[in-house]
Amino acid sequence: MPTYTVTAASGQLGRLAVEELLARGVAAQDVVAVVRTPSKAADLADRGVQVREGDYDRSETMTAALHDADRVLMISGPTAGQRIPQHTNVIEAAKAGGATRIFYTSILNADDTTNPLAGEHQETERLLRASGVPVVLLRNGWYDENYTGQLDQYLEHGEIVGAAGDGRISAAARQDYAVAAVATLLQDESGDRTYELGGPSFDMSELAAVVSEVSGKTVAYRDVPAAEYVAVLRSNGLDEGTAEFVASIDSSIAHGDLETHSDALAELIGRPVTPLADVVRAAWSQRNP
């Protein structure tokens, strides 16, 4: 039987992937959860999962964690600007450990996107292809949780401010992406594969309408030019560089970079993608138990 290794397994997506593997009937001893701080995954160890220390920034820990790697789900590093050396450590360790396949959570439309986050994902994809290990690219769209995590802000101000225009976003719940990743891990297909993953698209005005419907409070989307959006972000406490970075992401959305017409996500999870309204409703319920 193959073993299934999930890196960053105590993070939000990694934890969901481990739980999905177990829910799908994979024996706990065949699941390896690689985490920076093993104590954060003590509950998984108690259930029989192999919990191993692995820090993306410390290559020796990744080498030890992946010494007998088989199928490896490499969750992209969380910090922009640090991903290339971090991912290099994981890829080299997986290859040295005998990995038969690496599954990587990349970015939607990586081939031609203008998203400022894309460069590190594009380089990681290049490194993966150069490794000689078969690779499955899971090009994830935005998480719905990127927005539901800001519900308090939206409701406080009664508006969502941005520079995304009428650009559409094929986002989905983090859980759906985790289920899709596990579905590919469990497949026995050979060769390199690429999946463009996202849910039914919405624009920011539609997001505001959903938030309004769920909360019962009026929230509108106010679109502004990118330069004005930078000023808004600066007034909210962001430094110039970060504000410009965030505004450039909205410009990318306006360009259409976060929309896909691919049905791959629904096909992999075997059901319709979780509706945006359901994700917003769940977040609202947690906020107002």
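Predicted model: local features only at pLDDT ≥ 70, side-chain atom pairs only at ≥ 80, totals over all residues.
Me: Is Ser 106 buried or exposed?
Reply: A residue counts as buried when its relative accessible area is under 20%. Ser 106 has a relative accessible area of 6%, and it touches residues including His 121, Glu 125 and Leu 138, leaving out those up to four places away in sequence. Because 6% falls under that cut-off, Ser 106 is buried.

Me: Which residue in β5 is the bridge partner of Met 74?
Reply: Strand β4, residues 71-74, pairs with strand β5, residues 101-107, in the parallel sense over four bridges. Within β5, the bridge partner of Met 74 is Tyr 104.

Me: Which strands are the edge strands of the open sheet of seven strands?
Reply: The sheet has the order β3-β2-β1-β4-β5-β6-β8, with parallel pairing. An edge strand here pairs on one side only, and the two that do so are β3 (50-53) and β8 (193-197).

Me: At about what angle to β4 does helix α4 run?
Reply: Helix α4, made of residues 83-96, lies across both β4 and β5. Its direction relative to β4 is given by an angle of about 175°.

Me: How far from a polar atom of the side chain of Ser 212 does the backbone oxygen of Lys 217 lie?
Reply: Ser 212 is found in helix α9, residues 204-215, and is buried, with a relative accessible area of 17%. Leaving aside neighbours within four places in sequence, Ser 212 is in contact with Lys 217, Thr 218 and Val 219. The backbone oxygen of Lys 217 lies from a polar atom of the Ser 212 side chain at 3.5 Å.

Methods. Residues numbered from 1 in each chain as written. Heavy atoms only, no water. Pairing = 2+ DSSP bridges. Contact = heavy atoms within 4.5 Å. Axes fitted to C-alpha atoms, helices over the stretch in contact; angles between N-to-C directions. Buried < 20%, exposed > 50% of the residue type's maximum accessible area, 1.4 Å probe, protein only. Polar contact = N/O pair within 3.5 Å; in protein donor to acceptor, adjacent residues only side chain to side chain.
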